[in-house]
Amino acid sequence: METRLGEARPGGAVSLADVRLLRRLRVGDADALDEVWTRWKGPVWAVCRVMVANRTHAVQLLARLYLDLSTQARGWPDDLPICCSFAGWLLERMSTELELPVAGGIPAAIPAVTAAPDPGSASDRLGELPPELRLVYVVDLMFRCSAAMTAQASGWSEQDIRSARSAAAWRLVAVEGA
């Protein structure tokens, strides 16, 4: 199965392209950093905009993340796809930047009635989530890594990642007043 650079592979296998790119990142290769940033700046921008309502503040946050990336990427492990290392780093870094608590111990209350939110209200419903749940949900949506890989890369527990994902998803599809 062919995967693009930096994408998670079935079973969490790390592609040869990722291994080579990680080696280049570790020695400070500016082209390697540009390659990673070019691939992932769109999803990072989306996370910034979902988490920070003010566009100017989101741009400033994006710039700080870019500056931090070159240092942090040098320490990414060989046994994770780059996208999952990126997702875990982004989760941890955004939590610190926005002073969010780890989204642990949140019960995933299963609503009695669920329905897909209409497209017009999905953004509003996402905005109503507690920020730590919103962050986990959006990082999961953008990077599609397993909870185990995101936990390994972020330092959060796998259970906290799973709980936050479930709680966010159930809150998004709950039918109010039912």
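Guide: With -100° about the S-S bond, the link of Cys84 and Cys145 is left-handed. The pair joins distant parts of the chain, 61 residues apart: Cys84 sits in helix 4 (residues 82-97), Cys145 in the loop between helix 6 (131-143) and helix 7 (147-154). This is a predicted model: local features need pLDDT of at least 70, side-chain atom pairs count only at pLDDT 80 or more, and totals for chains, interfaces and linings use all residues. Residues are numbered from 1 along each chain as its sequence is written, and side-chain values use heavy atoms, leaving out hydrogens and water.

Visitor: What makes Cys84 and Cys145 a disulfide?
Guide: A disulfide is a pair of cysteine sulfur atoms within 2.5 Å. The sulfur atoms of Cys84 and Cys145 are 2.2 Å apart, so they form one.

Visitor: Why is Cys84 called buried?
Guide: Buried means under 20% relative accessible area, exposed over 50%, partly exposed in between (1.4 Å probe, protein chains only). Cys84 has 0% relative accessibility, so Cys84 counts as buried.

Visitor: Why does Cys145 count as buried?
Guide: Cys145 is at 6% relative accessibility, so the label holds. Cys83 is in no disulfide; its nearest cysteine sulfur, that of Cys145, is 3.8 Å away.

Visitor: How do you know that the buried residues of helix 5 are on the same side?
Guide: In helix 5 (residues 119-128), Ser121, Arg125 and Leu126 are buried. They cover an arc of only 150° around the axis, so they lie on the same side of helix 5. The arc is that of the directions from the helix axis to the C-beta atoms. On the other side of helix 5, Gly120 and Ser123 are exposed.

How values were computed:
Helix = DSSP H or I, 4+ residues; strand = E, 2+ residues; numbered from the N terminus.
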